[in-house]
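Student: I've got a new chain open and I'd like to walk through it. Can you help me read it?
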Amino acid sequence: MADQPVSELTTTQANQEATQLREQLDSWRKEYYVQDAPTVEDHTYDMHYQRLLDLEAAFPEIVTPDSPTQQVGDVTLPGFSKVTHTVPMLSMGDVFSIEELAEFDARTKQNLGQDELEYNCELKIDGLAISLVYENGKFVQGSTRGDGNIGEDITANLKTIKSIPMTLTEPLSIEVRGECYMPKASFAKLNERQEAEGKTPFANPRNAAAGSLRQLDRKVTADRNLDTFIYYTSSFEALGASTQSEALQRYQELGFTINPHSRVCHNMDEIKAYIDEYTGQRESLSYGIDGIVIKVNPVSQQDELGNTVKVPRWEIAYKFPPDEQQTVVRDIEWTV
Ligand code: NAD
């Protein structure tokens with residue numbers, strides 16, 4: 001990847017580099033989202049994506065509507081009915097250092113005109129986003145994120161996952177979202193079996209979960225031991241919660257599984273302590289995490305901040321440095 005400072009480039013040079021970056025990122029996205037078989041580490045993808053963001057920020061005239069920076073990545077596979085999300089399922093901005101996180105904190109306070117903010121910190125589960133729709137407390141439809149507006153109908157597959165309640169404890173009509181993931185032990189077993197059967201092993205638990213959920217035969221999904229954590233609703237009023245931390249409690253009351261490790265933090269010191277704690281505990285968790293999500297806690301402030309075309313302004317992912325134990329088939333050095 002080119003390392004010349006963006007400020008030293010002409011518009012023509014920036015445009016040329018951005019075009020090459022988009023081509024490379026599109027190719028990696030196809031491997032990751034369509035084939036569930038990435039050939040580079042997420043960190044490599046993230047660094048190239050970041051460079052494209054920097055180029056487009058410095059030269060706004062070179063942004064194209066089909067740039068990966070302007071679109072949620074997933075695609076919908078043929079064979080599944082399509083579901084239109086009533087509220088788009090967005091991606092998430094990310095940072096790679098505490099300094100960048102402090103910039104997010106300062107920017108968010110400035111946007112809200114506040115000196116202090118409350119955040120809910122959560123583990124960033126390495127799976128794929130799902131949407132679950134309930135009518136009068138009954139599970140009626142489940143889907144993938146897809147391109148953010150249109151996802152795949154995977155209702156039958158989701159019905160095989162034990163942690164997804166078919167009936168809520170209250171007769172609510174509500175859409176909730178969360179992460180579907182494959183626990184590390186199930187991933188190890190699945191790959192052993194893949195190898196024994198002469199099939200290609202999955203690159204990581206995220207891709208294994210995505211491949212297992214998007215199966216036309218629900219028996220395959222049922223056999224893969226997937227699990228879920230719920231963390232969002234597009235219907236806060238129906239839920240009756242005014243903060244993210246309250247919402248998590250409500251999901252649990254309704255019968256969903258929530259991740260038990262979230263914490264309300266009031267300043268950067270508390271956030272940093274949370275990040276340090278879970279960076280240390282990462283290996284001992286029974287599921288993969290690839291970072292920490294920091295969310296503005298009051299829903300009214302989330303609404304005030306709103307979204308960009310691709311990401312909410314009220315949350316950010318702090319991504320862990322590359323995991324040396326992660327197994328990806330090969331890592332490519334890419335230069336412009
Ligand atoms: P993302 O995975 O970085 O972050 C957004 C997602 O985080 C949400 O959609 C949700 O599914 C998930 N999430 C997990 N825990 C959460 C929590 N507690 N609260 C809220 N959301 C939570 O973004 P993305 O757009 O889904 O994917 C982009 C990422 O995928 C890249 O940053 C890169 O790491 C990876 N990627 C890798 C390759 C590759 O070739 N290796 C290619 C494309 C994308």
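This is a predicted model: local features need pLDDT of at least 70, side-chain atom pairs count only at pLDDT 80 or more; totals for chains, interfaces and linings use all residues.

Student: What box do the C-alpha atoms fill?
Tutor: Roughly 60 × 55 × 40 Å, taken along the principal axes.

Student: How does the radius of gyration fit a compact globule?
Tutor: It agrees with one. A compact globule of 336 residues would have a radius of gyration near 20 Å, and the chain has 20 Å.

Student: How many helices and strands are there?
Tutor: Eleven helices and eleven strands.

Student: What about contacts between residues at least 6 apart in sequence, how many of those join residues at least 24 apart?
Tutor: That share is 75%.

Student: Let's do helices. At what angle do helix 1 and helix 2 pack?
Tutor: About 145°. Their axes are 10 Å apart. Helix 1 covers residues 11–34, and helix 2 covers residues 42–58.

Student: Why give both an angle and a distance?
Tutor: Because two packed helices are described by the angle between their axes and the distance between the axes.

Student: Is the crossing of helix 1 and helix 2 left-handed or right-handed?
Tutor: The crossing is left-handed.

Student: Which residues make the contact?
Tutor: On helix 1, they include A14, L21, W28 and Y32. On helix 2, they include D42, Y45, L52 and E56.

Student: How do the residues of that contact divide?
Tutor: Ten are nonpolar, two are polar and six are charged.

Student: Now the loop between helix 1 and helix 2. What is phi of D36 there?
Tutor: Near 50°. That is a positive value in a residue other than glycine.

Student: Why point that out?
Tutor: Because most residues other than glycine have a negative phi.

Student: Is D36 buried or exposed?
Tutor: D36 has a relative accessible area of 9%, so it counts as buried. The cut-off for buried is under 20%.

Student: Which other residue has a positive phi although it is not a glycine?
Tutor: N136 has one, of about 50°. N136 lies in the loop between strand 4 (128–135) and strand 5 (138–144).

Student: Is N136 buried or exposed?
Tutor: Exposed, because its relative accessibility is 57%. The cut-off there is over 50%.

Student: Switching to V72. Where is it?
Tutor: V72 is in the loop between helix 2 and strand 1 (82–84). Its relative accessibility is 9%, so V72 counts as buried.

Student: Leaving aside neighbours within four places in sequence, what is V72 in contact with?
Tutor: Its contacts include R29, M89, R145, D147 and K310.

Student: How far is V72 from S173?
Tutor: They are 27 Å apart in space, C-alpha to C-alpha. In sequence, V72 and S173 are 101 residues apart.

Student: And I98 with K272, how far apart are those?
Tutor: I98 and K272 are 7.4 Å apart in space, C-alpha to C-alpha. In sequence they are 174 residues apart.

Student: Where does I98 sit, and what is it in contact with beyond its neighbours within four places in sequence?
Tutor: I98 is in helix 3, residues 98–112. Leaving those neighbours aside, I98 is in contact with M268, K272, I275 and Y318. I98 is partly exposed, because its relative accessible area is 22%.

Terms used
Residues are numbered from 1 along each chain as its sequence is written. Side-chain values use heavy atoms; hydrogens and water are left out. Helices (H or I, at least four residues) and strands (E, at least two) are DSSP runs, numbered from the N terminus. Buried means under 20% relative accessible area, exposed over 50%, partly exposed in between (1.4 Å probe, protein chains only). Contact means heavy atoms within 4.5 Å. Axes are lines fitted to C-alpha atoms, for helices over the stretch in contact, and angles run from 0 to 180 degrees between N-to-C directions. A crossing is left-handed if the near helix is turned anticlockwise from the far one by less than a right angle, and right-handed if clockwise. Ala, Val, Leu, Ile, Met, Phe, Trp, Tyr, Cys and Pro count as nonpolar, Asp, Glu, Lys and Arg as charged, and the others, Gly among them, as polar. The radius of gyration is taken over C-alpha atoms; the globule rule is 2.2 Å times the number of residues to the power 0.38.
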